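Please read the following points alongside the coordinates, which are shown first.

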Amino acid sequence: MQMQKALVSIAIAASLGLGATAAQAATLDDVKAKGYIQCGVTGGVPGFSAPDANNNWSGLEVDFCRAVAAAIFDDAEAVRYTPLTSQERFAALSAGEIDILSRTTTWTMSRDTDLGIMFAGTMYYDGQGFMVRKADGIASALDLSGAAICIESGTTTELNAADYFETNGMDYQPVVFTDQDEVVKAFEDGRCDVYTTDSSALAAERSKFGNPDDYAILPEIISKEPLGPSVRQGDEQWFYINRWTYYALLEAEELGVTSANVDEMLGSDNPAIKRLLGVEGDFGTPIGLTADWAYRIIKHVGNYGESYAKHVGPETDIGLERGLNALWTDGGLQYSMPIR
Amino acid sequence: MSFSFVREQMVDPAPAPVNTAGPIAWARRNLFATPSDSLLTILAIVLLIWAIPPIYGFVMPNFLGGDAVPPGGTVEQCRVETAGACWAYISARMTFFIYGFYPAAEYWRPNLVFALGALLIVPLAIPRVPFKRTNAILFFVVYPVICFYLLNGGVLGMRPVPTEQWGGLLVTLIISLVGIICSIPIGILLALGRQSKLPIIKTLCIMFIELWRAVPLITVLFMASVMLPLFMPQGTTVDKLLRALVGVTLFSSAYLAEVVRGGLQALPRGQYEAASSLGLSYWKSMWFIILPQALKHVIPGIVNSFIALFKDTSLVSIVGIFDLLNTVQAASSDIDWSSPTQAITGYLFAGMVFWVFCFAMSRYSIWMERRLDTGHKG
C-alpha cells in the first residue's frame, strides 16, 4: 500500500511538473463548453453512490455532483459519472479526467495539502464504530475487553481499533480477513463477537442480515472520517462553486427551503432566504454563475436534509440517524457560512 | 437310411454371465476393480451425497424441492434465514447486468447489436453456409463499425451515449470480441515477424512479444488507467474503455503470436521449400501453403487463448469499467435487494454466464478440429 501511494504521489508530482507549463484552464469554462460535469464516484457504496433500481447513479454524494450541475446548467442531469477505484481516484482528478471527486473520500491533512486537491466540504461525518449481537448484552465499547473482533486487514480500521484498545488499556483478539464480505460472513457465523468498520458501512451491512434487529451498533465512534467532495488545486473559481454549492445545500435546510416549497419561498420576507434564492443581491456572478444559482440547486436536487433523508436517513434501509450530520442548530456539525 | 440331422437354426447365444456384461459388470470393471478402486468409488459417492443435496437445495426453487427464491419473488422471501439463492434479485436487476448504465429508452441499440452479431456469427460458424468471404468481411470489418455508431450514437439523430454508460454483458462481449478480432491479425503478423530474416523486424517483434508477455494484464490495465493520464497534457483524455481495449488487444496478440509461432515451427522445412520452388512470393507462400497448415495445428491453442481472454476481461473491473462482473459486484450492494445470499447469487450468476460462453467456444473448437483433421495425426 505504502509503495503504491508513493508511486501515485511521484506520478502526480511528475504530471504537475509537466502540466505547469500548460496554462491552467478554467474548469468552469471547460465544463460549460462540454455541457456536463464529469463526476468521480465509487463502484457502488449504498446510500453514497450506487446504481439504483433504474440503473441510474444515486446517493448522497451523487446528489452533490447533481447540485453543482444544477447550479451551472439549471439541469441536475448534466452529469456523467466515472466509477473509480480507491487507487485511481486522485490520479483521475489530477489528470483532469474528472471535474469533481465525490467518492467517500476522507478529508485528511496530507490529502488536502500534498496531493494537489482541495476538499470543498463534508457531505458526511463518518467514523469507525462497533456492531455486536444484542444477545451479548454489551452496551458500550468500553465493555469489549477481551472480545474477538472481525476486521478487514490493511485498512485504517485495523489501526484505529488497535489505537482505541491500547488507549483504554483493554486487550482484544483480532480476527482478520482481506475482504469486506468475508468479514461480515465471519461475524454473522459467530466467529467473532464484534464487527468494526465505518459506522455508515455497519448500518448498510446490518440491513443485509437475516434478522437485522438481533444486532446493535454501539454508540462509541472511535475515529474521524469526514467524507467530502474535492477538486483540483489551482482553480479557485471552481473550488468556490463547489464549496458554496455545499453551503447552499446546508443553508437551504437551515432556512427551511425545500425542493417542494422553493417557488413559494421566492416571495418570502426573510432577507436570508431572499439572498439565498437571489431575489435580493447577486452572489452567483462573482463565482461565474447566475443570481439564481442556489434556487436552481434546491429546485432540482433539494436541500441537504432532503438528500440525507432520501439516501441514508432513518426512513431508508440504511437507516442512519442524523447524529453528527445534523445542522448545528440541532446539535450537529453541519454549519453553513453565511451567504451575504 | 441315413441319419442326418442338420440343424437349420443356430443355437441362440446364451446371455453372458451377469458378472461379465451389463451394468453390474460395468460397475465391477470400472468402479470396483481393485480394493483401492472400491475405496475411491465409495469415497466419491459419499462426497457426492454430502455435496449435491445442499447445492441442489440452494440453487433450485421451491417447486423443485429447493429453498431458492424464483424470479418474481420478493425481497422478503430472500431475507428469510433459510432462503437459498435469490434468483428474484437477478431477474429484477437483469437489465443492469446486461446493459449497465445504458439509458433504458435506448436498449434497442444494444439489442440490435446483439441480434446483428448473432445473425452474422452463426452462418460464419457453420461451414456449409455459402458466401463465407462476404460474411467474414461483414463480421470482421463492417459489423464493428456499425456497432460503434449504434452504441455511441451521435449520428442519424441517435442520442449520444458515452462509453461510461456502457456496461454489463455488453461491455464484456465488446472487450472480448474486439480483443479476439484484433489480436488474430496482429498475432499472426508478430509470429511471422519473429520468424523473419530481416533483423530489425525480427528484433522489434521479439521485443514487443517479450515485453507484453512479461507483464501481468492487471499491470497493463493499471498503467493504462492510472499512470497514462498523468503523463498526457491536461485536458486530453483518451476514453477509458478504449484504453482498456488497446491494453487487452496488445496483451492477447503477444500471446497469440507465440501460439502461432508454435504452429509455424511444427511445419516441416519441406513445406517452406516446396512453396519457394513453386516460385511463390513470401506472402503468397504464407497465405496459401504455410498459414493454413500452421493455424490448423494450433486451433486448440488459439481457442485456449480466446477463452483465457474472455475470462480475463473481468479484470477490467479493477479499473472501474462496468463489465459483467463489476455490475454484479456493484449490484450486490443494492440495499433494496439486500439479503444474506445476495452476493453469492450474483457471483453464481456471473459464473454461469462465463461458463456458457467459454464452454460453447471450447465445444466449437473441438468440432472444428475434427472437421479440419486431414489425417496427418499419428
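1. The centres of domain 1 and domain 2 of chain B, taken over C-alpha atoms, are 31 Å apart; domain 1 spans 32-93 + 334-378 and domain 2 spans 102-321, with bounds from an automatic or database domain assignment. To their contact (C-beta atoms, placed from the backbone, within 7 Å) domain 1 of chain B gives 12 residues and domain 2 of chain B gives 11 residues.

2. This is a predicted model, in which local features need pLDDT of at least 70 and side-chain atom pairs count only at pLDDT 80 or more, whereas totals for chains, interfaces and linings use all residues. Residues are numbered from 1 along each chain as its sequence is written, and chains are lettered from A and ligands numbered from 1 in the order in which they are written.

3. Chain B holds 16 helices and zero strands, these being DSSP runs (helices H or I, at least four residues; strands E, at least two) numbered from the N terminus. Helix α9 (residues 199-214) of chain B packs against helix α11 (residues 240-266) of chain B at about 115 degrees, the axes lying 9 Å apart; axes are lines fitted to C-alpha atoms over the stretch in contact, and angles run from 0 to 180 degrees between N-to-C directions. Among the residues that meet are B:Phe208 and B:Trp212 in α9(B), and B:Leu250 and B:Phe251 in α11(B).

4. The C-alpha atoms of chain B fill a box of roughly 115 × 75 × 45 Å along the principal axes.

Notes:
Two residues are in contact if their C-beta atoms, placed from the backbone, lie within 7 Å.
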